[in-house]
Amino acid sequence: MFSKTIAQLAIGLKKGEFSSCEITQSYLDRINAQDKKYNSYITVTAEQAMQQAKAADTAIAAGNAVTMTGIPIAHKDIFCTKGTRTSAGSKMLDNFIAPYDATLIEKFNAANSVSLGKTNMDEFAMGSSNENSYYGAVTNPWGENRVPGGSSGGSAAAVAAQLAPGATGTDTGGSIRQPCALTNLSGIKPTYGRVSRFGMIAFASSLDQAGPIAKTAEDAAILLNVMAGFDPRDSTSADKPVSDYCASLNQPLAGLKIGLPKEFFSAELNPLVAEQIQAAVKEYQALGAQIKEISLPNTALSIPAYYIIAPAEASSNLSRFDGVRYGHRCESPVDLEDMYKRSRGEGFGAEVKRRILVGTYALSEGFYDAYYKKAQQIRRLIQQDYINALKEVDVIMGPTTPQPAFKIGEKTSDPVEMYMEDIYTLSLNLAGLPGMSIPCGLVDGLPVGLQIIGNYFAEERLLNVAHMFQQATDWHKNTAPGL
Amino acid sequence: MALDRQDVEKIAHLARININQEDINEYLGNLTNILGLVDQMQRVDTQNIDPLSHPLDAIQRLRADTITESNQREQLQQVAPAVEEGLFLVPKVID
């Protein structure tokens, strides 16, 4: 049961091999027995899950089922869920019971999916290791002293540990792709604006995007089918038609033009990871693809540009946490300023404070042109590199991360060292393009992720390219040792 | 530009975040490193490059000026730290 994909569970439900109540109860029991090891959930909503499962079984019996009906999944604790704590991994929101559902949650509810609970994450999605959570670090099922990646580390660990068959995540600078790479999963960051952000706690508004974390590209397509679409309540939502992401999964890849950016294979890439990526590229050649070396010359600049733009937008977004309307308020403030300062000083963790300070500095009087505007100009250059490259090739491939999962505590002393882990993922968010990570090998027993980047709104193509690889290889079938 | 302890205190004040005196040096070190990293940008010539603020260069969508939400004051105030008679309470601002 626990090794089944969402696609397999959906078939079993339809045939009556098992009920949603049975699957849901099995997952809840497993979470209860095993999650102490991983800390992948912040909140488990057992009672609501069983109610949803009963409703799903009724819908299935009545012939009103869609693919996701009755399938239990986990949601990153960044999506507001009515009546359930929505913490964003922060002490600031430890007492926050969301008064409404995010659009993404509404869509899964409308499909009669089951929510098992809310997954752990780096505080306000700021981090690449899930070590920045108020609720403690998450352990990678692939190694007990290894990070699962971040910021959607809880979602990735939950799926990799088979504590949920799929999960939702968000990706501001790699927070879906990097955890997928480190835990042998398939995930997609859609085009900016493809999935509604209404009710998704904001980090950096010009970069944030939600997407699925799954065992296979096919499951990611099933989940994205529920998530994607225009939402008038999100002013950045793209008013464009949505494809059926499952429709062309099996389209042959003959003639596919793949670009390999030479900047993604530079000195910082672990040579053993590079070998796995090259082997995956060979597999694509065997499937009929043509390979072309390309250049994205401004790749290295994505780190400085991102680490100005994201903190600047975060400092503005997180100013809403003032201790007045919701969230943490300090004890006995002497005046308004004391209340703001101590509520925020106590409510935010170290990395969030660092980023707010950097962002505040970058936006402060006299520095705007040198930092924020400069970063936005570089952002244009990075986007232009991609636009030029995607005129010559259909998709771009490379590693998702420079190395496999690192050890817990290995990179916490210097934030800059942690930021360097994001070198291959940030530029995509800056350009607003869609990208995937899929498993393509192991190095010293740890998973390696292949990143696949496509043009704006080319999610259907990316999922097809990923799915065909998974028809020809078995890397995605590897599970963490001991499972 | 090199930062000092006073800069960190000033930035923290602007951000309305209380920082313990004993942590200032650590923040100073972190911020100095981060600003060192982002200073790479200054080497790039970006004259005549339009800043990119929205990846799809979309403009703000407008909607008809009609009421779409119902009043949910009581429900929304359930998560507030301090409320009285439908108002949010804060420390006294005006004497």
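Predicted model: local features only at pLDDT ≥ 70, side-chain atom pairs only at ≥ 80, totals over all residues.
The accessible surface of chain B comes to about 7,000 Å², and carbon and sulfur atoms account for 48% of this surface. Residues are numbered from 1 along each chain as its sequence is written, chains are lettered from A and ligands numbered from 1 in the order in which they are written, and side-chain values use heavy atoms, with hydrogens and water left out.

Chain B contains 3 helices and 2 strands, where helices (H or I, at least four residues) and strands (E, at least two) are DSSP runs numbered from the N terminus. Along the sequence these elements follow the pattern α-α-α-β-β. The radius of gyration of chain B is 22 Å, whereas a compact globule of 95 residues would have a value near 12 Å. This radius is taken over C-alpha atoms, and the globule rule is 2.2 Å times the number of residues to the power 0.38. Along the principal axes, the C-alpha atoms of chain B fill a box of roughly 55 × 45 × 25 Å. Of the 95 residues in chain B, 29% are buried; buried means under 20% relative accessible area, exposed over 50%, and partly exposed in between (1.4 Å probe, protein chains only).

Chain B carries 8 positive and 16 negative charges, whose mean positions are 3 Å apart. Lys and Arg count as positive and Asp and Glu as negative, while His and the chain ends are not counted. Each charge is placed at NZ of Lys, CZ of Arg, CG of Asp or CD of Glu.

Chain A comprises 15 helices and 11 strands. The C-alpha atoms of chain A fill a box of roughly 65 × 55 × 45 Å along the principal axes, and 66% of the 483 residues count as buried. Helix 7 of chain A (residues 217-227) is mostly covered, with 9 of its 11 residues buried. Among them are D219(A), I222(A), L223(A), L224(A) and M227(A). G229(A), which follows helix 7 of chain A, has a positive phi near 140°.

Over all chains, 16 aromatic pairs were counted. Rings of Phe, Tyr and Trp (its six-membered ring) pair if their centres lie within 6.5 Å; planes under 30 degrees apart count as stacked, over 60 as edge-to-face and the rest as tilted. The pair Y361(A) and Y371(A) is tilted, because the ring centres are 5.8 Å apart and the planes lie at 55°. Y361(A) belongs to helix 11 (residues 350-363) of chain A and Y371(A) to helix 12 (residues 369-392) of chain A, so the pair ties together parts that are 10 residues apart in sequence. Both Y361(A) and Y371(A) are buried. Y371(A) also forms a tilted pair with F367(A), at 6.3 Å centre to centre and 45° between the planes. The relative accessible area of Y371(A) is 5%, while F367(A), at 22% relative accessibility, counts as partly exposed. Elsewhere, ring pairs link F96(A), F124(A), F321(A), Y326(A) and F348(A) into a cluster.

Charged side chains also lie over ring faces. R30(A) is placed over the face of F2(A), at 4.8 Å from the ring centre, and K411(A) over the face of F406(A), at 5.5 Å. The criterion is that NZ of Lys or CZ of Arg is within 6 Å of the ring centre and within 35 degrees of the ring normal.

Key: Areas by Shrake-Rupley, 256 points an atom, 1.4 Å probe, with all protein chains shown as cover.
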